[in-house]
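The following exercises concern the structure shown below. Each task is followed by a solution that goes step by step.

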Amino acid sequence: MPVYSAPLDDIRFVLHDVLGAESLSALPGYEEFSADLADQILEEGSKICAEVLFSLNQSGDQEGCVLENGDGLTSVRTPAGFKTAYDTFRDGGWCGIACDPAYGGMGMPHVINTAMKEMICSANMSFGMYPGLSYGAFEAIHKFGDEALKTIYLPKLAEGVWSGTMCLTEPQCGTDLGLIKTRAVPQDDGSYAVTGTKIFISAGEHDLTENIIHLVLARLPDAPEGVKGISLFIVPKFLPDDMSRNAVVCGAIEHKMGIKASSTCVINLDEAKGWLIGEPHKGLRAMFAMMNDARLGVAMQGLGIAEVAYQNGLAYAKERLQMRALDGAKFPDKPADPIIVHPDVRRMILISKGFTEGARALSYWIGMELDISLKHPDADTRQAADDIVALMTPILKAYQTDMGSEVANLTVQIYGGHGYIQEHGVEQYVRDARIAQIYEGANGIQALDLVGRKMPQGYGRLLRRFFHPVQRFIEENGEDEALQDLVFPLARAFSKLQQSTAMIAQKGLKDPVEAGAASSDYLRQFALVALAWMWCRMGRVAQERISAGQGDKAFYEAKLKTARFFMQRMLPEADSRFKMAMAGAESLMSLSAEEF
Amino acid sequence: MKILVPIKRVIDYNVRVRVKADSSGVELANIKMSVNPFDEIAIEEAVRLKESGKATEIIAVTIGPDKAQEQLRTAMAIGADRGILVKTDAPIDLGGVEPLAVARTLKALVEREKPDLVIMGKQSIDDDSGQTGQMLAALLGWPQGTFASKLEVNDGKVTVTREVDGGLETLTLTLPALITTDLRLNEPRYAKLPDIMKAKKKELEITDPSALGVDYTPRLQVLKVSTPPERKGGGRVSSVDELIDKLKNEAKVI
Ligand SMILES: Cc1cc2nc3c(=O)[nH]c(=O)nc-3n(C[C@H](O)[C@H](O)[C@H](O)COP(=O)(O)OP(=O)(O)OC[C@H]3O[C@@H](n4cnc5c(N)ncnc54)[C@H](O)[C@@H]3O)c2cc1C
């Protein structure tokens with residue numbers, strides 16, 4: 001049986017020591033927020049995650065969702081215990097933690113929601129899909145819906161008695177939303193009749209809530225071709241005025257590699273009644289607002305799985321006795337040494353630790369910037385924060401989900417054969433983590449978003465929002481003896497990032513194939529530099545606390561040691577990624593299809 | 001009816017307790033602290049009495065460091081109406097603030113607040129003294145129902161089902177009375193997010209031992225704290241007969 005305990009100490013370190021998240025209380029709407037309140041919320045939230053959700057993770061995987069044929073209409077049964085767990089979660093008010101209080105939400109900062117999401121995903125990623133999608137639907141309706149729709153839907157979504165979905169994918173259209181065929185025909189009463197088939201719809205049908213609110217991309221009769229002709233509709237399973245059944249039905253559920261307790265549904269719409277959200281033909285913009293949040297949410301799935309996998313790999317490495325340390329027995333009284341003595345096992349554990357703790361700082365920082373982008377009274381400050389969030393979203397999504405899979409795999413490796421078999425429950429993390437690299441825009445698409453959209457935006461304005469503070473940090477701390485072995489590698493890696501950025505900006509402008517060819521390696525290089533900056537910031541705080549004799553010395557010393565490991569054994573990957581990104585498209589594109 | 005619920009900040013039950021290198025006590029620095037689990041049950045019971053209309057006010061009380069405000073906030077998030085912290089930096093443990101000192105402090109607060117019922121944990125999971133409730137009842141001259149697994153309040157009386165060695169015992173006490181809780185009394189709820197936020201606004205009074213006229217000078221001296229000797233592995237018996245034989249001849253217990 002795997003174990004999980006929420007890493008509250010590290011969460012507090014990031015929130016309070018590194019980011020000073022309590023400063024958010026200066027923003028209008030967050031006046032009541034404080035460090036104490038954050039701690040109390042996360043402490044109580046962690047209990048639900050570790051005690052209620054985590055205990056259903058393995059059984060949920062084994063049982064999966066089941067499609068049932070009731071009175072002509074199909075329904076989906078979630079695994080045993082999910083409904084009760086959802087009720088506890090919903091009754092606790094956790095569904096609406098970051099939702100607008102004007103519509104029944106709790107109005108807590110996104111940075112707290114980010115931490116909560118991490119814990120939920122560590123405990124039970126499948127479970128997290130249901131409230132996660134509801135929150136996405138809340139945000140989309142909140143941003144683009146008219147007041148009438150908001151009044152009907154938002155309070156129920158915030159409370160969690162209704163849940164949400166996002167219906168984009170169709171059999172012929174995954175990445176390329178321009179191929180959407182689902183049609184919406186205007187009706188006399190101002191509603192629309194929506195007809196089409198959606199596939200792979202997460203939480204499309206289930207038994208956790210009284211109603212399911214689908215946000216559906218479809219075309220109006222006069223729609224132009226391609227992505228410029230897509231509109232967004234709200235299509236409830238039960239019509240809110242009399243709760244009569246709408247013609248939106250689950251046709252089948254998928255059998256899949258992981259997240260088996262999250263239902264993945266074929267949704268058939270047969271002149272289902274829907275309402276337009278936002279402007280006609282501008283649906284993609286609204287959906288993207290939802291997707292940006294969702295992408296950060298998926299990034300937390302990567303981190304969440306990595307954290308729980310790391311905890312288990314570490315625990316196992318301390319327990320499993322095999323072979324002696326290379327430099328002689330460390331535990332002569334035992335039949336063998338615990339495998340944590342072996343350099344290669346330590347390498348795997350430290351990569352896991354170096355990633356999770358670094359990515360925690362990175363994610364929470366972006367969570368905080370998201371708060372600033374929404375609430376700061378000054379428009380320029382809001383814009384700057386919004387730029388950072390926009391720039392970093394594809395980086396977090398792709399890098400953190402790639403690493404979620406990587407760390408899950410490393411954990412299986414630490415367990416050896418005992419990881420590969422089902423009994424210990426760690427192979428599930430490999431299977432669960434895998435989808436996060438694919439949905440919400442496959443990771444290759446995130447890389448394209450970075451080089452194609454975010455990089456040129458405002459003539460590099462978004463990039464400067466990241467480059468300037470890193471530059472400043474290096475200048476301010478470069479002289480600090482104690483931080484040399486952290487700041488120096490950051491400075492080196494940063495200058496290479498500037499080089500590859502300039503190259504892609506120049507070449508890519510002339511030839512988009514060049515930008516595309518460099519994109520994934522460039523994204524990884526960028527992510528590693530961002531993590532290096534986080535490790536420097538964490539290292540600086542740890543150093544300060546140790547010098548001042550404050551707090552838990554062992555904790556801060558471990559931080560510094562892990563920071564050094566990151567610089568020496570993880571950051572160098574940025575060099576090879578740099579080389580690959582700089583190599584150009586030629587060798588990638590020269591083979592004809594027949595020559596493969 | 002007013003209920004007073006004393007709670008204690010203790011090492012979280014998930015933490016593996018380590019003895020300090022100098023054997024003077026257990027390691028407390030930077031260790032996760034929580035509300036004593038039996039006290040959580042006491043809070044839960046008080047909140048249920050309030051929800052069923054039997055109680056009007058719940059006061060949570062703790063003796064401890066400044067940080068113990070966190071545990072009072074937790075109690076208030078579950079449903080206590082206000083909190084009182086008797087602030088001291090002495091350890092709430094043998095050789096520090098001992099059970100009798102705690103009982104005297106609580107007596108002073110009971111006399112000031114005049115509750116009809118005190119509900120508290122039967123013991124705290126750190127030093128496991130299991131004495132405070134009994135001492136407090138004696139100091140107050142109140143009837144006591146310890147190790148409660150069921151509780152009913154009606155017409156100025158409280159009926160308590162107690163877990164005793166031989167089974168269950170039912171007592172009826174006249175209020176004011178004192179109850180100590182056992183594990184099976186109830187299953188404490190998870191605090192709700194809106195209640196956690198509301199708890200921040202509830203009244204939390206901070207006072208100190210001298211204001212209540214109590215003295216925390218320890219009466220016991222702790223000589224040494226050590227980990228229990230490691231248990232030797234058990235053996236397997238192949239039949240009931242062998243077990244009986246071993247109990248008779250090896251262990252000599254029957
Ligand atoms: C478990 C699960 C849950 C899902 N939940 C939802 C949901 O709730 N709602 C929903 O609408 N959809 C959902 N999806 C669908 C998911 O978002 C899509 O699978 C995903 O967008 C990719 O689309 P596709 O599978 O058609 O792959 P394709 O679009 O066919 O892509 C295949 C590969 O080609 C690459 N590729 C495509 N175009 C380009 C390009 N221009 N440049 C570079 N590479 C490219 C992709 O990166 C990918 O690696 C879910 C899928 C699964 C499996």
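**Exercise 1. The two chains**

How many residues of chain B are in contact with chain A, and how many residues of chain A do they touch?

*Solution.* The model is a predicted one, in which local features need pLDDT of at least 70 and side-chain atom pairs count only at pLDDT 80 or more, while totals for chains, interfaces and linings use all residues. Residues are numbered from 1 along each chain as its sequence is written, and chains are lettered from A and ligands numbered from 1 in the order in which they are written.

Step 1. Two residues are in contact if their C-beta atoms, placed from the backbone, lie within 7 Å. By this criterion, 14 residues of chain B are in contact with 17 residues of chain A.

Step 2. Helix 2 (69-78) and helix 5 (193-199) of chain B are the elements that give two or more residues to the side touching chain A. Helices (H or I, at least four residues) and strands (E, at least two) are DSSP runs, numbered from the N terminus. Helix 5 of chain B gives the most, with four residues.

Step 3. The side of chain B that touches chain A divides into eight nonpolar, two polar and four charged residues. Here Ala, Val, Leu, Ile, Met, Phe, Trp, Tyr, Cys and Pro count as nonpolar, Asp, Glu, Lys and Arg as charged, and the others, Gly among them, as polar.

**Exercise 2. Helix 4 of chain A**

Identify the buried residues of helix 4 of chain A and explain where they lie around the axis.

*Solution.* Step 1. A residue is buried if 20 or more other C-beta atoms lie within 10 Å of its own, exposed if 12 or fewer, and partly exposed in between, with C-beta atoms placed from the backbone. In helix 4 (residues 82-91) of chain A, the buried residues are A:F82, A:A85, A:Y86, A:F89 and A:R90.

Step 2. These residues cover an arc of only 130 degrees around the axis, which puts them on the same side of helix 4 of chain A. The arc is that of the directions from the helix axis to the C-beta atoms. An α-helix has 3.6 residues a turn, so residues three or four places apart point the same way.

Step 3. On the other side of helix 4 of chain A, A:T84 and A:D87 are exposed. The cover over the buried residues includes helix 2 (35-53), helix 3 (57-63) and helix 5 (110-144) of chain A.

Step 4. After helix 4 of chain A comes A:G93, with a positive phi near 85 degrees.

**Exercise 3. Strand 9 of chain A**

Is strand 9 of chain A largely enclosed or largely open? Describe its pairing.

*Solution.* Step 1. Of the 14 residues of strand 9 (residues 264-277) of chain A, eleven are buried, so the strand is largely enclosed by the rest of the structure.

Step 2. Two strands pair if DSSP finds at least two bridges between them. Strand 5 of chain A pairs with strand 9 of chain A in the antiparallel sense over eight bridges, and A:I201 has A:C265 as its bridge partner.

Step 3. Strand 7 (residues 231-236) of chain A is also antiparallel to strand 9 of chain A, over three bridges; here A:L232 stands opposite A:I277.

Step 4. Strand 8 (residues 248-253) of chain A runs antiparallel to strand 9 of chain A, joined to it by five bridges. A:V249 has A:N268 as its bridge partner.
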